Structures are given as C-alpha cells and as structure tokens.
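Trainee: I have a protein model to learn from. Can we go through it step by step?

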Amino acid sequence: MHAAPHIAILTGGGDCPGLNAVIRAVTLALVRGCGARITGIERGFHGLVARRVRPLATADVAGILAQGGTILGTHNRCDPFRWEGADHSAAAMDYVRELGIDALVAIGGDGTMQIAERFQQLGLPVVGVPKTIDNDLPATDRCFGFDSAVAVVAEALDRLATTARSHGRVMILETMGRNAGWIALEGGLAGGADAILIPERTFSLQALAERARERESVGSSLLVCMAEGVRIDGEAVVREHVADPAASARLGGVGAVLQQRLQPLVGCEVRSTLLGHVQRGGTPTAFDRVLATRYGVHAAELVAAGRFGRMVALQGDSVTSVPLVDVAGRSRPVPADHELLRAALGTGVLLG
Ligand code: F6P
C-alpha cells in the first residue's frame, strides 16, 4: 500500500453500543500509524448506493468513545448486490474507484461480513470487525456490543426480581438475540434468573409450570429469562413478516405467548416484559469500549500490513484475525456442551 492510503469505514446491520469506539480507534490508529485519509460511508452499504460519504478527521472522532449508536448511521436491509430489485454492486465499485478508496473497514454482523466478502471478490480490499449484541458470529468468542446488551438484561432482571417477589408472581423477560440464545443465557445468569429458555434447547411447559408451583407453594416467585428465538410448539413467534424474501422475519412476542400458555397451569399471576431495543441503545460498557478499541486498532494494523479478506476476532484473551470467508453468512448458536450451560445447571437454573 502506498504512503498515505485512503481508507473507508462503514457500520452495517443493526446498531449496537461500541460502534463509535471502533470508528474512533480505526481512525486514530490509521491516521497516527500511516497518515491515512479516512472516509466514512454513511448508513452502511446503502452509502455506496446512494453515494453518501463524509471525511473523518481525528477531530470528528473526539469524544465519541462512550457514545451509543453510530455517527455514520447504519442500514440493516441494504445489500447493494440486490437492492430494490437490482444489482448495484458495479455502480458501487465505480463510486469506490472515483473516490480513490484503497480499502474498506466494514463493521457489522453476519450479513455485513457476507456483503463485505463479495466486495472483496470484486477487488475492494476489506477488513471486517465483528459487531452484534447477539454474539452469534463464528470464529470469535465475542462480538462487541454483546456485553452492553447483557448488562441491560441483568439490570432488567434485578428490577423484575423485586417486583416479582413482592407479588409472588412469575415474571418472564424476553430478550433479543434472533436465533441464538447468548444474550438470554449470559444475561439470565448475571440477573439470577430461575429459568433460562434459549432457542438451542427445547423446553417443557410442564417442567416450567411445576417449577413455578414449587415456588408458589413456599410463597416465592419465579424469574424467567427467555430469548426471542425460542420456539413454542416448534414455531418461532414472529412480530412482523418482511416482504424481502432474503431478509429474516422480525421476531418478538414469545414472552407474551408463554405467559398465556403458563397462566392456566399455575395459581399465581404470570407477567411478561419485552425488553426490545433498550438492549441495543445507550452507552457501551467498559468491557465493550476496550474490546471495540482493541478491535479497531487491530483492524488498522491489518490494513497497514495489507492483510485483507480478514475479520478481527477475540480468541481466548487475544485479539487475532480469521479469514472473512470462514464467517460470511454463518452464525454461531450456543453449543450443547457450553460451559455457561453447565454453570446454569450447576446452580439449579431450569434450562428447558
Ligand atoms: O441482530 C440484532 C437484533 O437486535 C436482534 O437481536 C433482533 O432480532 C433484531 O436485531 C431486531 O432488528 P430490528 O431493529 O430491525 O427490529
């Protein structure tokens, strides 16, 4: 790569806490490390279709470390390879060449990595950074944003626990996570849930009702943390069907369905709370700020070294990188023998 490269950054998919911390770290490390010129692409890959970019100088990233959301905006539907009935990828590549962009840092989840990989094949060198509160990208132990979402779930459970105890109720908290149970599992453990229901395990309504009746018989309450992707009678509960056949249906509402099913089987009252986008907003935790900064600096190092077609990753305690093709379009459910499941079972949590 020549002396002062021109590097683009975009944030794609749903937002999450820590995106700005990555933008900041990539910008600072590339400007400081190789005097790079940085361009922010607005609203994810949509910016390449709509031709919307802005320069990013070090002054633009000052004070954004702890800011939630993304200063560049994002888009969780636009795939330039098939957007509004047409393939815009060639026009997007023309725009990239017009701007004189040497490489792209794409911050996002599985969909973003898949699109990034396709642009890499068209000749745009790419480095990926794994983001999603769902924590379901393969080849990395952590996506940034996950820890912040878990902290919100834990706090919500703490709050639900006191009201559940006061009324002797079953309280159900529905978390996000799409088809992966990471948020519900780790959030449920952190918040002391009595039952944790995740899509990777089938659950028995009878066993849950029995646990609730046991609690009721001793004048106690029951706290249930369940992922939005849990299936009831083999069916996911869909909040909204999306017209685009390639897009996932919007999940949501399984907690309310469980409430209806459980209520006739127990004597106490059952209530449900849908936590929703509260999990995705707000300031990142200290852990996510540090992880996002480590990821951003490592992405900048990959760019400076000309090591493209890779995604930064956390393996154990080390930040490393993996081939983008190993990640693109794939997801990582909670493995059946995961240590977090053993921790839950070991402390008497009902897992299904
Ligand atoms: O992938 C992140 C996520 O927050 C999922 O947990 C959730 O199912 C989905 O995005 C919600 O998407 P939207 O913001 O489009 O409703």
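Here are some questions and answers on the model.

Mentor: This is a predicted model, where local features need pLDDT of at least 70, side-chain atom pairs count only at pLDDT 80 or more, and totals for chains, interfaces and linings use all residues. Residues are numbered from 1 along each chain as its sequence is written, and side-chain values use heavy atoms, leaving out hydrogens and water.

Trainee: How far apart do the C-alpha centres of domain 1 and domain 2 lie?

Mentor: Domain bounds come from an automatic or database domain assignment. Domain 1 covers 6-144 + 284-326, and domain 2 covers 151-280. Their C-alpha centres are separated by 33 Å.

Trainee: How much area do domain 1 and domain 2 bury between them?

Mentor: The size of an interface is often given as the accessible area lost when the parts come together. Buried area uses a 1.4 Å probe and is summed over both parts. Carbon and sulfur atoms carry 44% of it here, and the total is about 1100 Å².

Trainee: Which residue forms a salt bridge with Asp-15?

Mentor: A salt bridge needs a side-chain nitrogen of Lys or Arg within 4 Å of a carboxyl oxygen of Asp or Glu. Across the interface of the two domains, the rule finds five. For Asp-15, the closest N and O atoms are 3.1 Å apart, and the partner is Arg-280.

Trainee: Is Thr-112 buried or exposed?

Mentor: Thr-112 sits in helix α4, residues 110-121; helices are DSSP runs (H or I, at least four residues). Buried means under 20% relative accessible area, exposed over 50%, with a 1.4 Å probe and protein chains only. Thr-112 has 4%, so Thr-112 is buried.

Note on methods
Buried area is the accessible area (1.4 Å probe) that two parts lose on being put together, summed over both. Helices (H or I, at least four residues) and strands (E, at least two) are DSSP runs, numbered from the N terminus.
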